[in-house]
Amino acid sequence: MNPSKQFWALFRFQAVVLPYLFVLPIVFCAPLLFMLHRDTSLNLLIMTQNLFLVVLFGGLLIAPEMFAHASMNQTGGLGMEFFRTRAVDKAVLVRAKAAFFYILILFAPIALILYSLPSPDLRVIIYSKVVRLDCLRNVPGSSLVTGAGGHSNLVSIPSGNVLIAEWYAWKFLVLAAAVQVFVYWIYPSRYRRWFFFALIIAVSVLPLIDAFSQSDSVPWNERLFFLFSANQIVSWILALGALILGQLWCERRFAQLEL
Amino acid sequence: MNEPPIQIQNACRSFDGVPVIKNLSVSIKAGSIYGFLGRNGAGKTTTIRMLAGLIRPDAGTVRVSGNDPFGIGAEERQRLGYMSEKAVIAPFATVRTVLNLGRWLYPSWNSALVDSLLAKYGLSPGKRLTTLSQGNQRILGFIMAIAPRPSVLLLDEPAANLDVVARREVLDDILELIRDCGCTVLFSTHILSDVERVADEIGILANGTLRVSEPLDSLKDSIRQVRFFGFRNGAPKTDVPGSFRTVRSRDDVTVTMRINSGPTPDELAEQWSCRHESRVLNLEDIFVELSRN
């Protein structure tokens, strides 16, 4: 059986067995669709909050047995042992799991990109002066405009809505690649479950970081977004590089992994 | 070219520094059914997992159909059937979903056989795996392992959680498979009557060491429990070379030993100036004697 047939067999099986495929986009997208044209700050915060779902689903899709004791049956049909003892090549198995994971994760950002295309430009009030200045300095084409109420803090960002959706996709993709590497890395450890939970908790508390930062500084969420906007092409090249290298590493790792 | 399809040589395996398999060597010839017996924690599952390519031995070699099972790909796995001790459970999956995966992955998948087995065991294809009884989950695992018509079949506790009728039917299916395609089967179990029913050869594993590995009839013929008594010069303090177990009481010594190799009971009785009586052991007795610490 050639690798592409194996790949599609595994992919189809996961799609049929895992209903998250249909739930995730709603979970990821719904709040963002409401907020996209209204509040950039809140939108970025919601995206960061959603990151923990990437970690959680990464674990559930790649190695669900991490969440259960080895003797438990609940993950038998989706666990690595089940797949590895079928007639599949190890590398194909890693690829099929990864492909399913990435598609699932990227479904929401892609939906958001598509949603933003009909009205790509963003006009947003940025109250903080430092944030406004950082935005004007970094985001290509951004400018101050006078709003209907005579606002002097209204910023216009050409294709800003698309940019936010793109930033969402970038963050999810990079985190998904990192999660995949992390899962295969910790897999042999007897403490893997705890390491994984530690990662989920770490990512879950990311939105709280700004609570400890200075009030007159640019929140890290916005800072990263502006940085991404200023270096879009480089960011995407780095993300795709990380994705490919991570994938190759995972395939090599899995080939030597004992289950 | 007549290499045994299953071959383990001097395999050792430890977990967290605790040896589980110690210098295990076993060779199973083509077309035979090998019953793997042992107490809980004896190393049966570890051995089967090594053969399935899920783990590697720390030392020694493991070969299945001439290949290192840890490194084999899809092509070789077409001919290696494996039924885990864990059930096949996936949320939202039905029996049909799981069987479809087998159909997609194995060109040799025997759909007619699957249909007949589903009907035989009363498994409905549309039933969710989470609603299946543990016994039916085992049967599904068995069907997944047997349907591609593998040349080597590894079954880890295939009859666990099955009722008596289903257990007997599973064993009959194993026999039928052998008749049809000359498949080599290794199965582990605690149920001795299963082994007596189907196995050509058995291996008894105790504390990671293979105590015996030979045809069932030969095993029953060769192992006896011999009681030596009436010592004129006192009971001997040394064990009989090659014996499996020696129990000493005040007036007699009971030895579980082979009678077809090493010193015979008659020779020992003459040497120790005593009398003796032998007891024929059934498989359960042999298993208990050989498995005791």
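## Helix pairs in chain A

Axes here are lines fitted to C-alpha atoms, for helices over the stretch in contact, and angles run from 0 to 180 degrees between N-to-C directions. Helices (H or I, at least four residues) and strands (E, at least two) are DSSP runs, numbered from the N terminus. This is a predicted model, in which local features need pLDDT of at least 70 and side-chain atom pairs count only at pLDDT 80 or more, while totals for chains, interfaces and linings use all residues. Residues are numbered from 1 along each chain as its sequence is written, and chains are lettered from A and ligands numbered from 1 in the order in which they are written.

Let's start with helix H6 (residues 129–138) of chain A and helix H9 (residues 220–230) of chain A, whose axes come within 9 Å and cross at roughly 15 degrees. H6(A) and H9(A) are therefore roughly parallel to each other (angles under 35 degrees count as roughly parallel, over 145 as roughly antiparallel, 65 to 115 as roughly perpendicular and the rest as oblique). The crossing of H6(A) past H9(A) is right-handed, a crossing being left-handed if the near helix is turned anticlockwise from the far one by less than a right angle, and right-handed if clockwise. On H6(A), the contact uses Val131(A), Asp134(A), Cys135(A) and Asn138(A), and on H9(A) it uses Glu222(A), Arg223(A), Phe226(A), Leu227(A), Ser229(A) and Ala230(A) (two residues are in contact if their C-beta atoms, placed from the backbone, lie within 7 Å). Sorted by class, this contact of H6(A) with H9(A) has five nonpolar, two polar and three charged residues; Ala, Val, Leu, Ile, Met, Phe, Trp, Tyr, Cys and Pro count as nonpolar, Asp, Glu, Lys and Arg as charged, and the others, Gly among them, as polar.

Another pair is helix H5 (residues 90–116) of chain A with helix H10 (residues 232–256) of chain A: their axes come within 9 Å and cross at roughly 135 degrees. That makes H5(A) oblique to H10(A), and their crossing is right-handed. Lys90(A), Ala91(A), Val94(A) and Ala98(A) of H5(A) meet Gln247(A), Cys250(A), Glu251(A), Phe254(A) and Ala255(A) of H10(A). The contact of H5(A) with H10(A) divides into six nonpolar, one polar and two charged residues.

## A sheet in chain B

In chain B, six strands form an open, mixed sheet in the order E5-E6-E7-E3-E8-E9. Strand E5 (80–83) and strand E9 (209–215) of chain B stand at the edges, each with a single partner strand, so one side of each has no neighbour in the sheet. From one strand to the next, the twist averages 15 degrees. Strand E6 (residues 152–156) and strand E7 (residues 184–189) of chain B pair in the parallel sense over five bridges (two strands pair if DSSP finds at least two bridges between them). Leu155(B) stands opposite Phe187(B) in E7(B).

Helix H5 (residues 134–146) of chain B touches E5 and E6 of chain B, and its direction makes about 175 degrees with that of E5(B). Helix H10 (residues 283–291) of chain B touches strand E3 (33–38), strand E8 (201–206) and E9 of chain B, at about 30 degrees to the direction of E8(B).

## Where the chains meet

The contact between the chains takes 25 residues from chain B and 22 residues from chain A. On the side of chain B that touches chain A, helix H2 (74–77) and helix H3 (95–105) of chain B are the elements that give two or more residues. H3(B) provides the largest share of that side, five residues. By class, the side of chain B that touches chain A has 18 nonpolar, four polar and three charged residues.
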